Amino acid sequence: MTTATASFADRTVFRVGYGALQLERLHDRRGEAVALLRRAVELGVDHVDTAEFYGFGFANDVIREALRPEDDVLVVTKVGADPNPGGRLPLRLAQRPEQLRASVEDNLRSLGVDRLAVVNLRRLDTGPGLRPEGDQIVDLDDQLAVMTALRDEGKIGAIGLSSVTLDGLRRALPAGIVCVQNAYSVVSRDDEDMLQLCAAEGIAWVPFFPLGGAFPGVPKATDEPVVHAVAESLGVTSSQVGLAWLLHHAPNVLLIPGTANAAHLEANIAASEITLDAATLATLDGIESRSNEVPIS
């Protein structure tokens with residue numbers, strides 16, 4: 001059995017949080033979006049992952065409306081990209097220091113707070129997705145300088161990293177990093193060394209794509225026969241097995257699965273109650289790890 005809580009930014013949180021990206025699917029049903037987030041809190045969720053570019057600010061607006069001070073929910077946002085309505089992609093890169101500062105200000109406004117508890121600097125060094133070009137190629141040290149300045153000013157409580165390499169994390173450690181968000185799942189474990197470094201340093205590991213990728217060609221946990229077999233033997237879903245494996249794999253793993261559906265939300269949270277015995281874990285650990293490096297052209 002796994003422990004239900006873990007340390008995150010000097011707090012103890014329930015290990016299954018909520019990722020707000022999927023709230024955008026409820027854009028025309030705002031009441032449902034607010035109710036879904038309230039339901040997450042009722043079920044014990046006390047950390048939520050968001051960004052200004054999720055639904056062009058919609059996710060942050062819903063969080064501002066749904067969450068109350070007495071809920072004591074840790075809201076984690078990210079910078080490094082901004083909304084791009086009408087663009088080929090719904091976001092544009094915003095990696096330069098002045099853009100990171102402006103993005104922090106945007107998040108402060110849309111979330112209606114004076115201080116952002118945790119802000120992830122979304123680098124684009126690794127994992128599926130975009131890569132920086134031109135003036136968006138910015139040295140990590142320059143980015144960390146503005147992030148630490150914002151922390152010193154009291155606008156940021158703590159700094160995280162996303163889509164970062166092992167070398168990048170090592171360079172950033174002196175700045176005081178509280179979490180890393182990289183693509184990671186039972187079928188794609190390229191970052192095992194980084195996960196272990198995070199565990200040793202007391203840094204939360206918060207995988208995105210926890211069940212594999214949404215991009216074509218990126219492996220998915222739910223496509224694995226072994227995962228299906230384990231799910232059938234336990235009477236749970238393949239998705240729940242993929243999430244449960246992550247919770248069993250290392251004690252510093254926190255999950256932020258996203259959904260726009262209340263039943264799916266409950267199923268994700270119930271994954272924390274699944275026990276995987278040593279033999280089952282060994283079987284799942286034996287799944288071949290494949291790369292998730294599929295950049296968008």
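Predicted model: local features only at pLDDT ≥ 70, side-chain atom pairs only at ≥ 80, totals over all residues.

You will find Tyr 184 in the loop between strand E10 (177–181) and helix H6 (192–201).

A pair of aromatic rings is described by how far apart the centres are and by the angle of the planes. For Tyr 184 and Trp 205, the centres are 5.6 Å apart and the planes stand at 90°, an edge-to-face arrangement. Trp 205 belongs to strand E11 (residues 204–205), so this pair ties together parts that are 21 residues apart in sequence. Trp 205 is buried as well, with a relative accessible area of 0%.

The pair of Tyr 184 with Trp 245 has its ring centres 6.2 Å apart and its planes at 25°; planes under 30 degrees apart count as stacked, so this pair is stacked. Since Trp 245 sits in helix H8 (residues 238–249), the pair ties together parts 61 residues apart in sequence. Trp 245 is also buried, at a relative accessible area of 1%.

Now let us turn to a pair of helices. Two packed helices are described by the angle between their axes and by the distance between those axes. Helix H1 (residues 30–42) packs with helix H2 (residues 58–66) at an angle of about 60°, and their axes are 9 Å apart. H1 and H2 are therefore oblique to each other, and their crossing is right-handed. On the H1 side, the contact is made by Arg 30, Ala 33, Val 34, Leu 37 and Arg 38. H2 contributes Phe 58, Asp 61, Val 62, Ile 63, Glu 65 and Ala 66. Sorted by class, this contact of H1 with H2 holds seven nonpolar residues, four charged ones and no polar ones.

Our last stop is the backbone. Most residues other than glycine have a negative phi. Asp 10, although not a glycine, has a positive phi of about 65°. Asp 10 is found in the loop between strand E1 (5–8) and strand E2 (11–14). Is Asp 10 buried or exposed? With a relative accessible area of 81%, Asp 10 is exposed. Asp 72 has a positive phi too, near 55°, and lies in the loop between H2 and strand E5 (74–79).

How values were computed: Residues numbered from 1 in each chain as written. Heavy atoms only, no water. Axes fitted to C-alpha atoms, helices over the stretch in contact; angles between N-to-C directions. Helix = DSSP H or I, 4+ residues; strand = E, 2+ residues; numbered from the N terminus. Parallel < 35°, antiparallel > 145°, perpendicular 65-115°, else oblique. Left-handed = near helix turned anticlockwise from the far one by under 90°. Contact = heavy atoms within 4.5 Å. Nonpolar A, V, L, I, M, F, W, Y, C, P; charged D, E, K, R; others polar. Buried < 20%, exposed > 50% of the residue type's maximum accessible area, 1.4 Å probe, protein only. Phe/Tyr/Trp six-rings, centres within 6.5 Å; stacked < 30°, edge-to-face > 60°.
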